[in-house]
Amino acid sequence: MTVTKTDVLKWIRTYAQVIADNETYLTELDSPIGDADHGANMNRGFRAVLDKLPDNEDKDIGKILMTVGMALLSKVGGAGGPLYSTVFIQAGKSIDGKMEFDLADWANALEAATDGIIKLGKASVGDKTMVDALSPAVQALKEATQQGLTLGEGLENSAKAAEEGMIATIPLVARKGRASYLGERSAGHQDPGATSTFLLLDTAAKVWANCS
């Protein structure tokens, strides 16, 4: 079972709509512990992505993902721009040249994206960042690959792991990013970056559920 370029383009476009639909929600999450702009920044970034896609649909999956990353870097403000840019660029480099990929390829791509985020932001699991959603999702994908699960099963497991990681950020005291300035007051709030990351992986699981 593989994900094709058409599937990837559908995922990106669907996620752009998911971000638009959740702009207010993400901003509300960001208000008590950030700059109250995560939703607006992500929505602006993915509108720019949608503008770029038509001129890049003839390229391979890796090039498309890297194009998404560059568009986000130019349009998303704050820390979100470099971080989400890194996710797509590093994933794109991992899948560069491919017109389709399987579950193992996606596990490797998401691991490369996570490694890039960790290197850039110096964050680890428990710091109340998007890494709290990404890292368990990667682990779930690796385990699914080792167990010989189907693409759909692996993607569903990764989305569930990301959701659990997202929820687990609520009681944490932030150690990285804008929220870390609040110290103990950052506890009790769900991290907006982990939330948008869960939405990204949940969208992939839903859009790619029936890939053959």
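Which residue caps the N-terminal end of H9? In this predicted model, the cap is Asp 191. One of its side-chain oxygens lies 3.2 Å from the backbone nitrogen of Gly 193.

Helix H9 itself covers residues 192–207.

Now turn to the charged pairs. The whole structure holds 6 salt bridges. One of them joins Glu 57 to Arg 13, with the closest N and O atoms 2.3 Å apart. Glu 57 sits in the loop between helices H3 and H4, while Arg 13 belongs to helix H1, so this pair ties together parts 44 residues apart in sequence. Glu 57 counts as partly exposed because its relative accessibility is 30%. Arg 13 is also partly exposed, at 34%.

A network of salt bridges links Asp 60, Lys 63 and Asp 96. Asp 60 meets Lys 63 at 3.4 Å, N to O. Asp 60 has a relative accessible area of 12%, below the 20% limit, so it is buried. Lys 63 is partly exposed, with a relative accessible area of 34%.

Lys 63 also meets Asp 96, at 2.8 Å, N to O. This pair links distant parts of the chain, 33 residues apart. Lys 63 lies in helix H4, and Asp 96 in the loop between helix H5 and strand S2. Asp 96 is partly exposed, with a relative accessible area of 38%.

Technical notes
Residues numbered from 1 in each chain as written. Predicted model: local features only at pLDDT ≥ 70, side-chain atom pairs only at ≥ 80, totals over all residues. Heavy atoms only, no water. Helix = DSSP H or I, 4+ residues; strand = E, 2+ residues; numbered from the N terminus. Expected span 1.5 Å × (residues − 1). Polar contact = N/O pair within 3.5 Å; in protein donor to acceptor, adjacent residues only side chain to side chain. Salt bridge = Lys/Arg side-chain N within 4 Å of Asp/Glu carboxyl O. Buried < 20%, exposed > 50% of the residue type's maximum accessible area, 1.4 Å probe, protein only.
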